[in-house]
Amino acid sequence: MSQSSVPTSSSGPLISDWRPEDAAFWQQTGHSVARRNLWISVPCLLLAFCVWMIFSAVAVNLNKVGFNFTTDQLFMLTALPSVSGALLRVPYAFMVPLFGGRRWTALSTGILIIPCLWLGFAVQDSTTPFSTFIMISLLCGFAGANFASSMANISFFFPKQKQGGALGINGGFGNLGVSVMQLLAPLAVSMSIFAFFGATGVVQPDGSTLYLENAAWIWVPLLAVFTLAAWFGMNDLATSKASLRSQLPVLKRAHLWIMSFLYLATFGSFIGFSAGFAMLTKTQFPDVNILHFAFFGPLIGALARSAGGALSDRLGGIRVTLINFVLMALFSALLFTTLPTEGQGGSFVAFFAVFLMLFLTAGLGSGSTFQMISVIFRKLTMDRVKAAGGSEEQAMREAATETAAALGFISAIGAIGGFFIPKAFGTSLELTGSPAGAMKVFLVFYIVCVAVTWLVYGRKTAGK
């Protein structure tokens with residue numbers, strides 16, 4: 001086996017010979033290169049999720065540092081990053097074959113420094129208009145788009161039998177960024193970390209000082225470090241190169257839109273609950289300092305994503321997804337019993353416990369639906385190419401390209417849930433004073449997903 005395909009300081013970051021399905025190549029050179037790219041990709045994606053969901057920790061504190069925004073406005077700020085993130089995931093899904101995984105990972109990670117710096121300065125001036133925060137929140141959405149390109153990039157490095165595990169690690173640990181942010185940001189805002197930049201904080205009624213700018217600035221040095229790590233430590237694959245035209249046919253596949261719908265219900269729920277849970281809890285249980293507990297839900301959901309992929313490899317993605325949607329509908333119905341009525345009653349412990357189960361099932365479903373996407377698109381593409389007289393090598397190459405494009409595009413649809421869920425909570429509270437109206441919509445949605453999964457995939461192929 002030639003060693004010219006192994007990236008070294010002399011061969012440069014571009015790998016021209018990449019054959020992960022070749023067992024000998026994979027064992028001798030491919031495995032170590034793929035793992036190195038994966039383990040640099042993971043912290044880059046984790047930091048992207050931190051930036052993407054940063055307003056879920058910042059919004060609940062804005063009025064404490066001198067702003068006077070309404071509840072609906074605060075929910076809007078937590079929701080908007082998911083709008084731009086979802087829209088940008090579409091072009092991001094096609095960027096790795098166009099520019100290369102190393103270049104795009106470094107660029108897409110480095111530009112996240114901009115909204116973090118801007119937000120840190122904006123929260124220190126209570127005259128900063130709401131429109132400025134809207135622009136910053138939309139810029140934070142660039143971080144959410146990184147998921148599409150990151151998952152597409154990693155899919156090129158691993159053979160098909162190992163893609164589920166690799167994508168589970170990349171996506172699962174990447175999703176942990178939500179929990180990491182919600183754990184570290186509340187700690188950071190309580191300490192004077194950036195006093196040398198003139199950050200003085202705002203004294204609170206209890207005598208403590210709130211340094212809200214720290215919630216944004218603590219990510220800047222980490223983003224800089226891993227931007228450099230991506231640039232100097234990752235690789236571009238010549239074999240992943242593909243024109244935009246060659247990737248666009250995936251949009252014609254009916255299964256793309258069906259799986260987008262199902263992924264919206266799983267990952268969309270995870271990211272939507274992550275964005276809106278703290279604000280929702282504050283409106284229903286104002287005496288609870290939710291920032292001490294908010295990170296548990298995203299943590300469980302992120303860890304469950306990897307478990308969902310592993311369960312799907314063992315039991316079948318269709319079966320796991322179907323059972324998971326039944327559980328999501330059940331827990332959504334139970335949530336109604338935990339809410340206070342006109343400010344009276346309700347149980348925070350029960351509310352929190354049921355929401356943890358929703359995070360758990362949203363994470364499991366994210367892993368199982370992603371496994372379904374990989375299996376479905378790889379099989380459909382290879383069967384189609386072979387039926388047209390194409391070679392095995394051509395079929396595998398086109399399957400890798402189309403699967404990566406499908407994963408990226410479907411992830412874009414799923415990210416829209418990060419907007420609709422917190423916005424639905426905010427609108428329901430604004431109109432009725434209760435989140436129950438939004439929750440009824442979610443319950444019906446999950447029931448429809450049970451039916452779609454069973455009718456389209458479950459009747460003939462469950463367990464395969």
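Buried residues, meaning those under 20% relative accessible area with a 1.4 Å probe and protein chains only, make up 57% of the 464 residues in the protein chain. This is a predicted model, where local features need pLDDT of at least 70 and side-chain atom pairs count only at pLDDT 80 or more, while totals for chains, interfaces and linings use all residues. Residues are numbered from 1 along each chain as its sequence is written, and side-chain values use heavy atoms, with hydrogens and water left out.

Next, the overall form. The chain has 18 helices and four strands; these are DSSP runs, H or I of at least four residues for helices and E of at least two for strands, numbered from the N terminus. Along the principal axes, the C-alpha atoms fill a box of roughly 70 × 55 × 30 Å. Take contacts, that is, heavy atoms within 4.5 Å: among those between residues at least 6 apart in sequence, 82% join residues at least 24 apart.

How many of the 10 residues of H5 are buried? The count is seven, so helix H5, residues 101–110, is mostly covered. Among them are Arg102, Trp104 and Thr109.

Last, one residue. Tyrosine 457 lies in helix H18, residues 436–461. Buried or exposed, where does tyrosine 457 fall? Tyrosine 457 counts as buried because its relative accessible area is 5%. Its side chain makes a polar contact with the side chain of histidine 255, at 2.8 Å. Such a contact is a pair of N or O atoms within 3.5 Å; within protein, one must be able to donate a hydrogen and the other to accept it, and residues adjacent in sequence count only if both atoms are side-chain atoms.

Key:
Buried means under 20% relative accessible area, exposed over 50%, partly exposed in between (1.4 Å probe, protein chains only).
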